[in-house]
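Here is a friendly walk through the model shown below. Keep the sequence at hand as you read.

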Amino acid sequence: MSTSPALHLDDIARAFGGVQALSGVSLSVPAGCIYGLIGPNGAGKTTLFNVVTGFVAADRGRCLLHGLPITGLSVHEVTARGLARTFQNIRLFGEMTALENVMVGLHRQGRAGVLASVLRTAAARREQAGFVERAMALLDRVGAGAQASRRAGTLAYGLQRRVEIARALATGPRVLALDEPAAGMNASETDGLRELIASLRNDGLTVLLIEHDMRLVMGLCDRVAVLDRGRLIAEGPPAAVRTDPAVIEAYLGHAPVGEGH
Amino acid sequence: MRDPRRLRLVGLALGLLALLLAPFLVDALLGRAWVRVLDLVLLYAMLALGLNIVVGYAGLLDLGFVAFFAVGAYLYALCASPHFGLHLPFWLLLPAAALLAAGVGVLLGAPTLRLRGDYLAIVTLGFGEIIRIFLNNLNAPVNLTNGPQGITMIRPIEIAGVSMARPVELAGLTVPSLHLYYYLFLGFAALALVVSSRLEDSRIGRAWIAIREDEVAARACGVNTRDLKLLAFALGASFGGVAGALYASFQGFVSPESFGLTESVMILCMVVLGGMGHVRGVVLGAALLVALPEALRYTGPLQRALLGSVYIEPSDLRLLLFGLALVLVARWRPAGLWPSPVRRRELAERHAPGGPESAQ
Amino acid sequence: MLGSIYALVALGYTMVYGILGLINFAHGEVVMVGALVAITAIGVLGPATGLPGPLLLLVALGVSVLACMLLGALLERVAYRPLREAPRLTALITAIGMSIVIQNLAMLAWGRQYLSFPALLPNEPMILLGATVTGTQLIIVALTALAMVVLMGLVNRTRLGRAMRATAQSPALASLMGVNVDRIVVVTFLVGSALAALAGVMVAGYYGQAHYHMGFMLGLKAFTAAVLGGIGNIPGAMVGGLALGVIESLGAGYIGALTGGFLGSHYQDVFAFAVLVLVLVFRPSGLLGERVADRA
């Protein structure tokens, strides 16, 4: 198991109407690294995310998570196999507290059914207490513990991001996919995020990161893949990718490297 | 530490006492007709709590909820009346009504729940009407439902050989039939309340609310949204089925007329008006909306006194007010008249709640 | 016959859905109001002006169209606009509430009884291409066809139509391009309501009667037609309406034979619903297009 990559994509293709959003993308994400996925707007990054996490079906190609196929599985099954994600535009359950949001992430790890919940059996109570404790620990882990009982919709932007990450971590992932986590963050929030992501890797998690903030990507990622118009045009360590002529060419058509978007 | 708790206990005991004495008080002060209203409040509270699971928790708009009520009522009516000459006991029929209604809910929900909410609304709306059409017409060529005439002489519930349809002498106290039904319905409504509120604060309930808030995100959390939506649908339907069976026994008579769109809308009103997803609000909604038509009766004499004659039949106002209530509440108080407070978890309190909103 | 009426009503559902993503439950009630207003207009204007039948009908239709457009615009402005950013469930509940309110106001205004729609057109059956048709039927079909041609022209050929299509694609983008989205939405409601009035007058003429409760089933069936054709799709609504009309009349005619006499023609209303469920299950994008299953 440890020899297979955390995530292996093989010839993934997907078209929307006449637009080929992804045309045969293959890449391997080694376990335990932070893997950046960059590219100009409309390059197909989010589509790739959606295909990998099961939100969008691929027209072609397959996808292995730690050597096991996850192509064609529905979203919750992909999550159950250890791939969790966050969303470009944060999607918390606004009316629930931060703690409850994270407890939803723990859903799969519980077993209490209707009867057990209604009867409040000892097992159900134990499970509930365990959920609260673990959710609390996860909120502490991402630095949002103080806001546990606040309604998620009322939290500041940066905190919402952290709660969303805690919620994704609650599903017990081996690979965590973050879709533009720094978007809309100010410099200090971004710095905090950088530390958080780095610490997740130190815990042994593989992180897949879509990001426009080049400083964050280049400073944080162990490897970077560059998509342009649905194709993989470069892949490798940040330093190599940064000087790759194809990448410079792709970005010159849109925006210069290092400027974000 | 002990005092507030004792106070709470005293309050609880007083509340319980008030609930137990309510039919006698109402009977003495307002008359027997209002005891009947009280019975119906409890029955509708049960229905509304069932729909609340579907609409309030899981966020699925079901406009044909009365269909499940009808299923339960007709099951009971057919199996405990001279229509087929069947007289099955109620302790068998109640669970059967719950199961049958849940089964029908799954049958209806399985193909439609993967669609967007609006489609579910339309399909359930149509389904409610279809059930009524079938009840109306399944009297020929084989007489299953006795058509528009409905089924009469339904046997009242009997507990330990004591029929609920006749007054009971208890320690020199005469307990009329309506009072007996009150206690029966009180028990079931309390059960529905406990089941609902315990589910709300459970792994299942949180998953439902997550689906209501953001289905896509719920799936990304590993929640099997399809199964959980079906579960909500089936469970809500089973509440409706039980309430239907109780209703059939209570009325002694069922006909398709009692299961129209009006009823579905009324139950929805109770949920929305009271406070979607908040059990106490829903019960309040049921009480308000059952009592409303009774209160509207007084507008007849009022119109005569003020305007000389009755211009608008009080019964005609009922639906209009329901509709208006839906629109106004949706616009101005989307959380209902009695919204659910943001619940604070005991354990969360160990961190100072509402601390400074840092990292900004 | 009924098919073309369903098609007209379905257009209203589909247009509003296309632009707002909202099922306007109250649309069926607009049809009902259209029918009842026309009956009142005929009752008042007929004796007062002594106009000949067809002309009177035309005037009544005009009154009814105006009344419905007013109602549609009011509906949009008062009920739906304040909720455009609100959760779906809230908007849906409002739509249902408005539907009930309109229905019951109509009941207060016109009463519970069936109102008869006078026969203003020559109704002797005639033979046309081997089929027996009445003048009313011919006019229904002709008017429907005309309304659709006008609508297609409006949507596909005019600036307004282009703005409508842009808004349907993306309201945010359309407003960036200088489209006044509020105005487009109102126009959509106006057009849909005008078609609903037309349909209301037709359905009342067809059955020779109308009542406050007629909007509900008609609305449900027209919505089915819209889904059958592919909701949000204008030609789809037309095709869906016609197809549903055919399915329904064939179904009602043959149901007895199909079930060995077990089910009779009073199950006609069940057909629309069965079609709706089948379409949603097997081909949610409808005959002509647009997916309705939840997007990721």
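This is a predicted model: local features need pLDDT of at least 70, side-chain atom pairs count only at pLDDT 80 or more; totals for chains, interfaces and linings use all residues.

Residues are numbered from 1 along each chain as its sequence is written, and chains are lettered from A and ligands numbered from 1 in the order in which they are written.

**The sheet of chain A**

Strand β1 (residues 7-16) and strand β4 (residues 60-65) of chain A run antiparallel and are joined by five bridges. Strands are DSSP runs of E with at least two residues, helices are runs of H or I with at least four, and both are numbered from the N terminus; two strands pair if DSSP finds at least two bridges between them. The open sheet has four strands in the order β2-β1-β4-β5 (chain A), with antiparallel pairing. Its edges are β2 (19-29) and β5 (68-69) of chain A; each has a single partner strand, so one side of each is left without a neighbour in the sheet.

**Two domains in chain A**

Chain A is divided into domain 1 (1-82 + 173-261) and domain 2 (95-170), with bounds that come from an automatic or database domain assignment. Taken over C-alpha atoms, the centres of domain 1 and domain 2 of chain A are separated by 27 Å. Their contact takes nine residues from domain 1 of chain A and seven residues from domain 2 of chain A, where contact means C-beta atoms, placed from the backbone, within 7 Å. On the domain 1 side, helix α7 (residues 187-202) of chain A gives the largest share, three residues.

**Chain A against chain B**

Between these chains, 40 residues of chain A are in contact with 35 residues of chain B. On the chain A side, α2 (75-80), α3 (98-105), α4 (114-119), α5 (122-142), α6 (157-170) and α7 each supply at least two residues, and α3(A) has the largest share with five residues.

The table sets out the classes on two contact sides; Ala, Val, Leu, Ile, Met, Phe, Trp, Tyr, Cys and Pro count as nonpolar, Asp, Glu, Lys and Arg as charged, and the others, Gly among them, as polar.

| Side | Residues by class |
|---|---|
| Domain 1 of chain A, touching domain 2 of chain A | seven nonpolar, one polar, one charged residues |
| Chain A, touching chain B | 17 nonpolar, 13 polar, 10 charged residues |

**Chain C**

Chain C has 11 helices and four strands.

Definitions and conventions:
Two residues are in contact if their C-beta atoms, placed from the backbone, lie within 7 Å.
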